[in-house]
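Trainee: I have a new model open and would like to talk it through with you. Shall we take it one question at a time?

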Amino acid sequence: MSYSLERAWEGKGPGYAFAEAGVETAQTDVETLEELVAGLLEAVWKITNL
């Protein structure tokens, strides 16, 4: 029996690959990278300046 790595990943998206690598992913409603970064920085600032 032959097993190919390509076949093992067939039909699986990037979320699956990231999860297998231990990367946590999250879905957001932001539309731009700038919005995402600003939101993350604001959240960190609130946490560190309590």
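Trainee: Which residues form a nonpolar patch on the surface?

Mentor: Happy to start there, and keep in mind that this is a predicted model. Take Leu 33, which lies in helix H3, residues 33-48. Its relative accessible area is 58%, so Leu 33 is exposed, as the cut-off for that is over 50%. The patch, with about 520 Å² of accessible area together, is formed by Val 30, Leu 33, Leu 36, Val 37, Leu 40 and Leu 41.

Trainee: Nice. Which side chains meet in a salt bridge?

Mentor: The structure holds one salt bridge. Its two partners are four residues apart in helix H3, which means that about one helical turn separates them. With an N to O distance of 3.2 Å, the side chains that meet are those of Glu 42 and Lys 46.

Trainee: Is Glu 42 buried or exposed, or something in between?

Mentor: Buried would require under 20% relative accessible area and exposed over 50%. Glu 42 has 43%, so it falls between those limits.

Trainee: Now the rings: what sits over the ring of Tyr 16?

Mentor: A search of the whole structure finds zero aromatic pairs. There is a charge over this ring, though, 5.2 Å from its centre. It is the charged end of Lys 12.

Trainee: What pattern does the chain follow along the sequence?

Mentor: Its secondary structure comes to three helices and zero strands. Of the 50 residues, 0% count as buried. The accessible surface comes to about 5,100 Å², with 59% belonging to carbon and sulfur atoms. Read along the sequence, the pattern is α-α-α.

Trainee: Last one: which element has the lowest mean pLDDT?

Mentor: For the chain, the mean pLDDT is 85, and 84% of the residues reach 70 or more. Where pLDDT is low, predicted coordinates should not be read in detail. Helix H3 has the highest mean among the elements, 95. The lowest, 68, belongs to helix H1, residues 5-9.

Definitions and conventions
Residues are numbered from 1 along each chain as its sequence is written. This is a predicted model: local features need pLDDT of at least 70, side-chain atom pairs count only at pLDDT 80 or more; totals for chains, interfaces and linings use all residues. Side-chain values use heavy atoms; hydrogens and water are left out. Patches are made of residues with over 30% relative accessible area and no salt bridge: like charges are joined within 9 Å, nonpolar side chains (Val, Leu, Ile, Met, Phe, Trp, Tyr) within 5 Å. Accessible areas come from the Shrake-Rupley method with a 1.4 Å probe; for residues, only the protein chains shown count as cover. A salt bridge is a side-chain nitrogen of Lys or Arg within 4 Å of a carboxyl oxygen of Asp or Glu. Helices (H or I, at least four residues) and strands (E, at least two) are DSSP runs, numbered from the N terminus. Buried means under 20% relative accessible area, exposed over 50%, partly exposed in between (1.4 Å probe, protein chains only). Rings of Phe, Tyr and Trp (its six-membered ring) pair if their centres lie within 6.5 Å; planes under 30 degrees apart count as stacked, over 60 as edge-to-face and the rest as tilted. A charge sits over a ring if NZ of Lys or CZ of Arg is within 6 Å of the ring centre and within 35 degrees of the ring normal. pLDDT is the predictor's confidence in each residue, from 0 to 100.
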